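Hello,

Here is the structure we talked about handing over. Please have a look at it first, and then read on.

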Amino acid sequence: MEPIPAPLVDLTSLAPVLVLSVFTMMVLLVDLFVGRNKSVLVFISLTGLLMAAISAFAKGAEIPVYSFNGAYVVDRLSIFFTMIFCLSSALAILLSVEYNKREGIRVGEYYSLILFCTVGMIVLASSTDLIMIFIGIEIVSICLYVLAGIRRGDLRSNEASLKYFLLGAFATGFLLYGMTLLYGTTGSVKLLTIAERLNSGEVFTNPLMLMGVVLLVIGFGFKVASVPFHMWAPDVYQGAPTPVTAFMAVGPKAAAFAAFFRVFAEGIPELAPSWETTLSIVAVLSMFIGNLGAIMQTNIKRLLAFSSVSHVGYILIAVIAKNTLGSASLLFYMLSYAFMIFGIFGIVILLGREGNENLELENYSGLGFKHPMLAFCMTLFMLSLGGLPPLAGFVAKFYIFQAALKEGFLWLVIIAVLNSAISFYYYLKVIVFMYMKEPIGEFKISLTPITLFVVAIGVLGTLELGIFPGPVIFLAQY
Amino acid sequence: MELLIFYPLALVTILLALGVVFNTSPINSAVSLIGMMLGLAAVFVLLQAHFIAILQVIVYAGAIMVLFMFVIMLLNLKAGDDRAWKMRERNLYLSILTGVLILLGLYKLTDKIQSTEFGETAKLPDTFGTTIEVGTKLFTDYVLPFEVASILLLAAMVGAVVLAKNKVD
Amino acid sequence: MVPLSHYLILSAVLFSIGALGVLIRRNAIVVFMCVEIMLNAVNISLIAFDNHLNQHDGQIFSFMVMCVAAAEVSVGLAIVIALFRNRPTVNLDEFNLMKW
Amino acid sequence: MVNLAFLVPLFPLIGSIINGFYGLKIGKDWVSKIACGGPILSFLVVLCLWVSLFFHPEGAPYPEQILFTWVPAGSLQVEFGFQVDPLSCVMMLVVTGVGSVIHVFSIGYMYEEYSYYRYFAYLNLFLFSMLLLVMGNNFLVMFIGWEGVGACSYFLIGYYFEKKSACDAATKAFVVNRIGDFGFLIGIFYVFQTFGTIDFSSVMAAAPTTLVYGSETVTLLTMFLFIGATGKSAQIPLYTWLPDAMEGPTPVSALIHAATMVTAGVYMVVRCNALFNLAPLTLTIIALVGGGTALMAATIGCTQWDIKRVLADSTVSQLGYMFVACGVGAYTAAIFHLVTHAFFKACLFLGSGSVIHAMHHEQDIRRMGGLKDHMPITYLTFLISTIAIAGIFPFSGFFSKDEILFHALMDGNVIYWGMGVSGAFITAFYMFRLVFLTFHGESRVDPHVHPHESPAVMTMPLIILAGLALGGGLLGIPLIHGWHILGNWLEPVISFDWATALHHSETVLASHGHHESFTELLHSKGEHHPNVWIELLLMAFSVAVALSGIYMAYLFYRKHPELPAKFTKGQWGFDLVQEKYRVDELYDEMFVKPTVEASERLWKDADMKGVDGAVNGVAQSIGFMSKIAQYFQSGFVRNYAMFMVMGFVVLLIII
């Protein structure tokens, strides 16, 4: 029997994944030896994330580089997304430090799970192979199932975890079926080969393939929480620990969008006439249902969950636009969204105290007088989410609309702009509570420094990306 | 000839799958699932995927289902004394809706499958689906997913331990 | 020789049965099992396509699916156990704290 | 010199930041110094810029100061830059000048407020945004200011947040403004689609050779822009927020809801005149909307009893006049009226503020009267401004309004003119009604209140503004050629190359097989020297109309005070007008309630009546579809799964 030839392994392409994996194992191991004080784990995790972010540039300037027979790629999209993931994970870890202490989450594996999740996200954003994308999604999802339920004594956290898990597994089935049909009808699992075969017209009108596309829309639609596959989002967001909610709303969502974009815009752009309609419907529904749902909410986490559904609608427009501007705007949107969301959740965490998280909007009444700075930051984030210039949210939206207009989707843009007008209705509600209501009860806020630091980063990012978006846009477009 | 094996096999797997869904006893459901998986292993053999067929028996029917059984036993769930094991309560509209949805989906799927032209089936070499073939592929072209899967399993293990371990220090 | 479409239809039927189970069962563990049926159903398709195309990609894929299934089951059952500690039931209808 | 332009918005911004964050620590005196220092310094810089424009070589492009590249998005380059040309210079002068005066007034008016610093922080921030709006060299910078003024206006209307009405008014203003902004944003995208750039100078230069006269593109584009203008400038159908906005402090009403922000729409239309010129349909709509608003708001003004509401309605109505001017292509007249209106309306609002201050926050004119002896300065300045708004020679309002009416008749048609003239009559009537009821006659003041003249810090601004209201008309004396200072000044910005544009349109249309000749149109757009006598006649007529309006007010409210009650009692028409034509209620029924209700039904009621009921067999079957809707977000996993499958099936059917 002949020996198996040595596979072609390109370790430099994998650098961020490898670095981060090593650090993750390190966190796992060190956790065994440290006692109740987990700050050394935080330190190791942050170092790992930083190193991973740096090592994302290991390939130098000669991108895009395909390796592993076209299963893995280092390109503009993957490098930038790696940065977003490292940033969001780092912010999530920073948010957790004081929150975990307060809420009594004392498992060291918490940090390693976030890092595992980050590894999965990087894999997901860099894969150009259906198998790899599938595994990447699963790594991310499994870590999130556990993270959502990490407050084991809290029934809400358990419930969130269970709901997320069941629906996630269900959606995985659909996603897998979709990938299978795509594989079967094109004969390849590599996105590049699929695109090539579609381009040559061999398998164009295969009805089964269109079916596969719909199934993919469901699978990815679930992961990014778009209507009608969004139902889990409010419940899970509400039940999960707040830093995990923030993390879920940014990192994994960005990763899912990366894969979404890769599969649809790079793998099967030839099928655009059929999936454009489908995705447009999903996007429009997401915007409307997300906004309508948010109006009624009184819990800030649920409100943000619905608002994130509507944001998914906007971001889907970038996928529909499927041009380079679209990918760049996707990157920009996710980055600015990360700053806003982590800033908001930082404030949400600051407002809570042991045993009472103060998540109702009423708890924000009068914040503007007691803590003007915090209220000001919150106002900034809310206005930015609504898309008020010159804040990050506006530039991001503008950029996406630009990409869509280039492809002639004026009607989608009109609906999106209309929706962003509606969305102010509930973003303003938060501001009204902060500035225009008498406080109920007393604020017992301990302004813990690390969380404040995250809020400050959020503010700086929101302002920077709004006023001087130039460098970042340049990076995103390359 | 193969059709003669296929049809009964398909029938049995479908019946066993229905058994999983409609059985009110947890142990019976699990046993039906094991049976269904063994049936699928046979289908894989029919498709000349010998390696996967073996895996199906070892991993699915062996490992995964044992886990299911273990948890059912651990939680000491019995049929009858817990409403959970029943199907959801009767609600005419919902039942009709569910049925219609599933049938519609199934109809569409089969319709698409039947209206698709697949072309000629390739002539399979004798070595198709053997451990050597699949293994070679796995360790050359697909070495990356293979390795990344280890992260997946590790993460799952850590997660399961975190959630299920008895007491956090 | 069994035609490809027969395998695909078998796969579709099993997939639908799995989905039906998810929709109508209220026991968390049985719902897991139904999800497993769905994954298994997809495996049939994968391998049937492989057989049809004379490739091994699908088998690798189904190998990975098994891997994922194992990981999911372990986490899922751990979640159920964690839940069971707080509230001794696996009835999905009783987990309804968060809504609207 | 133009390199100083960035200082203009910078000063108020700094003031806003200092006051916003350190206002409580530095004490009220420093707050007021910083707050007023910003606008005044800006005003001085603007003066320098203005002077420098005199030395600008004729025909050369106007200087722009590019601060940095804002959005370098491949094909779309957006620079963050400021434009200093005659039009923006006029606006800057008005904004910083009137703004400074109002800031000074606010020191006196707001001194007793606890969150004094907050007020000035917002007010400075508003000025900053307004200056961005005015000075921006492209649509996007203007849009920043556009949104910024909306947000500041929101915060300032809601300044007295203890009052629920103030909060509601603030939210209403913001949401209605957002609807307009939505149109504006789409318009901007459309501009970019069409021109590939959003720089004002390049777009306006390219317009004549890019667009086809009266084509669908330009009509749609300008319509979207105009929707934006209706939102900000309170025109039909989006005007309802402005009267409610009077819940804010009175100086805010003077600055934001009279002199500056609400004129942004007019400014934008004038700024984009090259686009609007090519869209005759849009211009017609603008003129009709403007005329309609002018009339409607004026009638509402006759029936209100709140001193500020009357002024607010008159603002809406005067803005309508400006849009009439835009609609007939008399952009100079629009800007002229904008400027004079800023003077006299700011003076009126501040005067009303002085009265309210003296009356200890009494705003109902039925409980005033006879105030002229108690507060002579306020009375005099108020009277001057009222005469100005009524359009009596030689006050400023006379010149600007008359110019609009003249152009409405000459370039438009008799309908616009008729609307304008009847509006002018009603304006004179209700403004003097206000004066008579407030300052003349028997005192109906609550005996516990002792009205007194305001301190100098409040009367000085009144005097300055009244002086401007008196003399502002000198900017444009229409009869004597070369004396229309404002017209000559603005000439470079609003001149439009009709020959090129129409020629281009002809060629494009011809290439599509439509042979249309615009020669006649071109001819009509040429220089025409109207007869001086016609102009004089019109002037005399409008003065007569105004005088008769005043006389009628005199009859009704001085001579025979019992008359109005006789006329209005039981008249359904009067009730309708007094209730502001019930437009608010209509909007509420049509848009607000359905949205909220839909949201409520889909999410809130779902479980209460729906799922639980359905599961327990209690609920009656209330229709298949509504039940499906109730499964929304019920908290049950399997229902969520069901929705996923449903989505799947629906998508399958679609594809």
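Residues are numbered from 1 along each chain as its sequence is written, chains are lettered from A and ligands numbered from 1 in the order in which they are written, and side-chain values use heavy atoms, leaving out hydrogens and water.

**Confidence**

The model scores ipTM 0.87 and pTM 0.87. Within chain A, the element with the highest mean is helix α5 (residues 130-148), at 94, and the one with the lowest is helix α14 (residues 367-370), at 81. Helices here are DSSP runs of H or I, at least four residues long, numbered from the N terminus.

For chain D the mean is 80, and 88% of its residues reach 70 or more. Its helix α10 (residues 264-271) comes out highest, at 90, while helix α26 (residues 624-630) is lowest, at a mean of 38. Over residues 605-630 of chain D, pLDDT stays under 50. Where pLDDT is low, the predicted coordinates should not be read in detail.

**The nonpolar core**

The largest nonpolar core has 568 residues, and A:F81, A:F264, D:F139 and D:L275 touch the most other members. Such a core is a set of buried Ala, Val, Leu, Ile, Met, Phe, Trp, Tyr and Cys residues joined through side-chain atoms within 4.5 Å, where buried means under 20% relative accessible area with a 1.4 Å probe, protein chains only. Helix α13 (residues 324-351) of chain A gives the most to this core, 21 residues.

**Where chain C meets chain B**

Here 70 residues of chain C are in contact (heavy atoms within 4.5 Å) with 82 residues of chain B. The buried area, meaning the accessible area (1.4 Å probe) that two parts lose on being put together, summed over both, is about 6900 Å², and carbon and sulfur atoms give 77% of it. On the chain C side, C:R26, C:M33 and C:M66 lose the most area to chain B, together 10% of what that side buries.

The count of salt bridges between chain C and chain B is zero, a salt bridge being a side-chain nitrogen of Lys or Arg within 4 Å of a carboxyl oxygen of Asp or Glu. α1 (4-24), α2 (28-53) and α3 (57-86) of chain C each supply at least two residues of the side that touches chain B, and α3(C) gives the largest share, 23 residues.

Best wishes

Terms used: Buried means under 20% relative accessible area, exposed over 50%, partly exposed in between (1.4 Å probe, protein chains only). pLDDT is the predictor's confidence in each residue, from 0 to 100.
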